Amino acid sequence: MAKISWIIASIIILISGVLHLYGIFFSEDLHPADSNLTRLMKSSTIQMDKSGNFWKLWIGFNAMFSVGLIFMGSIILNLSIKHFAFLCKRHFIVLLNIVSIGFFVWVGHSYMIKDFVIAMSIPLVLFIVGYMSIALSKK
């Protein structure tokens, strides 16, 4: 049960990262609906460094976030498929993953869109179920 839960959760995270990367570079899904806002973002800089305009920062942060999701999903997927026994003994890795995805859910709920919250809540529940099934089976 744990292995299947973690594999499914990892695939969801991996796919979310790929879709996010596609949305930022190959479509306009993650671009502002108001073209005036895009124009303003391209002409506005941050106070810390005038070379950083908001448009480039928007693209950069979204791209890094996408790669982070792809990385997390790929690593846990690989460990779940090829090294499941190892992963079961590494509570730190599993708990850090759960806390990270939980943080994504909180940030999504606080600052982002409902679809993202749902997309991250499902893997969060699956990781927790997988972790609990391993913890309970050892008792």
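1. N53 is found in the loop between α2 (35-43) and α3; helices here are DSSP runs of H or I with at least four residues, numbered from the N terminus. This is a predicted model, in which local features need pLDDT of at least 70 and side-chain atom pairs count only at pLDDT 80 or more, while totals for chains, interfaces and linings use all residues. Residues are numbered from 1 along each chain as its sequence is written, and side-chain values use heavy atoms, with hydrogens and water left out.

2. On confidence, the chain has an average pLDDT of 93, and 99% of the residues score at least 70; pLDDT is the predictor's confidence in each residue, from 0 to 100. The lowest mean, 92, belongs to helix α4 (residues 84-89), and the highest, 96, to helix α1 (residues 2-25).

3. N53 counts as buried because its relative accessibility is 14%, the limit for buried being under 20% relative accessible area with a 1.4 Å probe and protein chains only. A polar atom of the N53 side chain lies 3.0 Å from the backbone nitrogen of W55, and one lies 2.8 Å from the backbone nitrogen of K56. The contact with W55 is made by a side-chain oxygen of N53 at the start of α3.

4. Helix α3 covers residues 54-82, which is 29 residues. From first C-alpha to last it reaches 41 Å, close to the 42 Å expected at 1.5 Å a residue; the expected span is 1.5 Å times one less than the number of residues.

5. The largest pocket has a volume of about 680 Å³. (A pocket is an open set of points on a 1 Å grid over the protein atoms alone, with protein on both sides within 12 Å along at least five of seven lines; lining residues have an atom within 4 Å of a point.) Of its 23 lining residues, H20, L30, N62, M112 and I113 are the closest to the centre. Two or more lining residues come from each of α1, α2, α3, α5 (91-111) and α6 (114-137), and α3 gives the most, with five. By class, the lining holds 17 nonpolar, four polar and two charged residues.

6. One cavity of 30 Å³ or more is counted, a cavity being a set of grid points where a 1.4 Å probe fits but cannot get out. The largest cavity has a volume of about 30 Å³, and W6, I76, L87, V94, N97 and F127 line it. Five of these lining residues are nonpolar, one is polar and none is charged.

How values were computed
A polar contact is a pair of N or O atoms within 3.5 Å; within protein, one must be able to donate a hydrogen and the other to accept it, and residues adjacent in sequence count only if both atoms are side-chain atoms. Grid points are joined across faces, edges and corners, and a volume is the space filled by probe spheres set on the points. Ala, Val, Leu, Ile, Met, Phe, Trp, Tyr, Cys and Pro count as nonpolar, Asp, Glu, Lys and Arg as charged, and the others, Gly among them, as polar. Buried means under 20% relative accessible area, exposed over 50%, partly exposed in between (1.4 Å probe, protein chains only).
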